[in-house]
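Colleague: I have just opened this one and need a quick tour. Can we go through it together?

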Amino acid sequence: MRSQRGGTAVGTKAARRKMDKTHWLYVAVIAAVVFGAAIGLMAPEVGKSLKPLGTMFIALIKMVIAPIIFCTLVVGVGSIAKAATVGKVGGLALLYFMTMSTVALGIGLLVGNITHPGAGLHLKPYEASSGGEDNSTVKFLMDMIPGDIPVLPTLVLALMVGFALQSLGKSGEPVLNGIKQIQKVVFKLMMMIMWLAPVGAFGAIAAVVGATGWAAIGSMAILMGAFYLTCALFIVVILGSILRLVTGLNIFTLMRYLAREYLLIFATSSSESALPRLMAKMEHAGVSKPVVGITVPTGYSFNLDGTAIYLTMSSLFISTAMGMPMNLGEQIGLLVFMVIASKGAAGVTGAGLATLAAGLAAHKPVLLDGMGVIVGIDKFMSECRALTNFTGNAVATLLVGKWTHELDMDKAREVLSGRDPFDELSMDDDDHGSQLDPPSVGGDSAGLAGLMVGGAGVQDPRADEEKVPVSA
């Protein structure tokens, strides 16, 4: 027991060291945005000349979109198919997650159409705004970056391969495992690219502020404010109403119960850091261990409400800023694509930017040149995304527990009212140290945490990788 705890302590220290490294990235991106805006205001021509920095960073992201979509969707399809083996709990959880993510995407589109973020910026593609004179150095560097692969054919191929592997059963598992290994390489490459985010953000913000002045800062502030307000209303109105109707519980008492986890998420910009604590607290609140073991890790893969709102609002921001607003049909098509792609890329480092880029590339590739502005303000929205995702998964766990009659309502009321407080010392126990390996549910069915690629299960190929909270 002692050695196990010692190992846990060592693992915790290692995680903290990695977390500290990501905080340097966080600080660097914020500093880059501030300096870029200052240069754009004080020396507009210099700011506009820095545009290639943002363009090259977006080109690097475009380079890995297709591999990310292919690998994650192939393995994601397998995960969804395996979810059926956990019976009623897994089926209800997946149905609820797909429904709520679609609702969140729709709300993002609605708010984006009302607020029109990005109006008045008049952003232009890099080629159109580079002037008549070619810079040989910039051209040389751009030519070094491989071209992007078409997204829609990749998505269709990935879905077909995923279902084909499922139909092969056991004989298809070696191929699936091979794709998981390729996935590790793709994820590592994405993390390497994310460390260049400060450079990309610096160039993009300097260029857009240099071209449009204070209008750019105002438009970015409107987008961030609208996004924060939308997430808050989604939690209080949508999630709160569903929680009240189904269980009779109050969303504010649940949020107070999870206050420590919110602070942890805010400090790390990632909801994954609070996964063990959420599982422990949901059990303490009266949800049965099997339901917690299935619903929470599944939600970390398939229930990303905050990310869904971010994707649609950012897409509308870019299209409006570039003077290419999408009509209703294009917006619905974008929503359908995001529903699929966001599930495939869930949990991937930089998944928000990669999925956003994939959606824009599938509709209007020219819009990708406007993503540099989003890179600059992405960090300011990451905490809100993570908090919304986390709250959505907590609510989902209580709802699934209620629907499957695996929720002790008396216990839940006692806990959320504060009369039965959570024992913080229990998080030091070995039982909670192994929360990431939930119990089996029904016969040969394994806990879904070990099946979901994007979740935080013990078979997550990124479990030992460094977490970079650029897109929570």
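Colleague: Let's start with P290. Is P290 buried, partly exposed or exposed?

Modeller: P290 is partly exposed, because its relative accessible area is 33%. Buried means under 20% relative accessible area, exposed means over 50%, and partly exposed is in between, with a 1.4 Å probe and protein chains only.

Colleague: Before we go on, what am I looking at?

Modeller: This is a predicted model, where local features need pLDDT of at least 70, side-chain atom pairs count only at pLDDT 80 or more, and totals for chains, interfaces and linings use all residues. Residues are numbered from 1 along each chain as its sequence is written, and side-chain values use heavy atoms, with hydrogens and water left out.

Colleague: Back to P290. Where is P290 found?

Modeller: P290 is in helix 14. Helices are DSSP runs of H or I with at least four residues, strands are runs of E with at least two, and both are numbered from the N terminus. P290 and G401 are 111 residues apart in sequence, yet their C-alpha atoms are 9.6 Å apart in space.

Colleague: How many helices and strands are in the chain?

Modeller: The chain has 20 helices and zero strands.

Colleague: And how much of the chain counts as buried?

Modeller: The chain has 472 residues, and 53% of them count as buried.

Colleague: What share of the contacts is between residues 24 or more positions apart?

Modeller: Among contacts with a separation of 6 or more, 85% are between residues 24 or more positions apart. Contact means heavy atoms within 4.5 Å.

Colleague: New topic, helix packing. At what angle do helix 13 and helix 14 cross?

Modeller: Roughly 145 degrees, and their axes come within 10 Å. Helix 13 covers residues 275-284 and helix 14 covers 289-302. The axes are lines fitted to C-alpha atoms over the stretch in contact, and angles run from 0 to 180 degrees between N-to-C directions.

Colleague: Which residues make the contact?

Modeller: Helix 13 brings L275, L278, M279, M282 and E283. Helix 14 brings K289, V292, G293, V296, P297 and Y300. By class, that contact has eight nonpolar, one polar and two charged residues. Here Ala, Val, Leu, Ile, Met, Phe, Trp, Tyr, Cys and Pro count as nonpolar, Asp, Glu, Lys and Arg as charged, and the others, Gly among them, as polar.

Colleague: What about helix 10 and helix 15, how do they cross?

Modeller: The axes of helix 10 (residues 214-247) and helix 15 (residues 305-321) come within 10 Å and cross at roughly 145 degrees. On the helix 10 side, the residues that meet helix 15 include S219, L223 and F227. On the helix 15 side, they include I309, M313 and F317. This contact has eleven nonpolar, three polar and one charged residues.

Colleague: You named S219. Is S219 buried or exposed?

Modeller: S219 counts as buried because its relative accessible area is 6%. Leaving aside neighbours within four places in sequence, S219 is in contact with G118, A119, L121 and F317.

Colleague: Now E261. Which side chain does E261 make a polar contact with?

Modeller: The side chain of R277, at 2.4 Å. A polar contact is a pair of N or O atoms within 3.5 Å; within protein, one must be able to donate a hydrogen and the other to accept it, and residues adjacent in sequence count only if both atoms are side-chain atoms. E261 is in helix 12 (residues 259-268).

Colleague: Why does E261 count as buried?

Modeller: Because its relative accessible area is 0%. Beyond four places in sequence, E261 is in contact with A274, R277, K281 and F390.

Colleague: And A206, what does A206 touch?

Modeller: A206 touches G36, G40, G47, K48 and L50, not counting residues up to four places away in sequence. A206 sits in helix 9 (residues 197-212). A206 counts as buried, because its relative accessibility is 0%.

Colleague: Last one. What is the phi of H405?

Modeller: H405 has a positive phi of about 60 degrees, although H405 is not a glycine. Most residues other than glycine have a negative phi. H405 lies in the loop between helix 18 (371-403) and helix 19 (409-416). H405 counts as exposed, because its relative accessibility is 70%.
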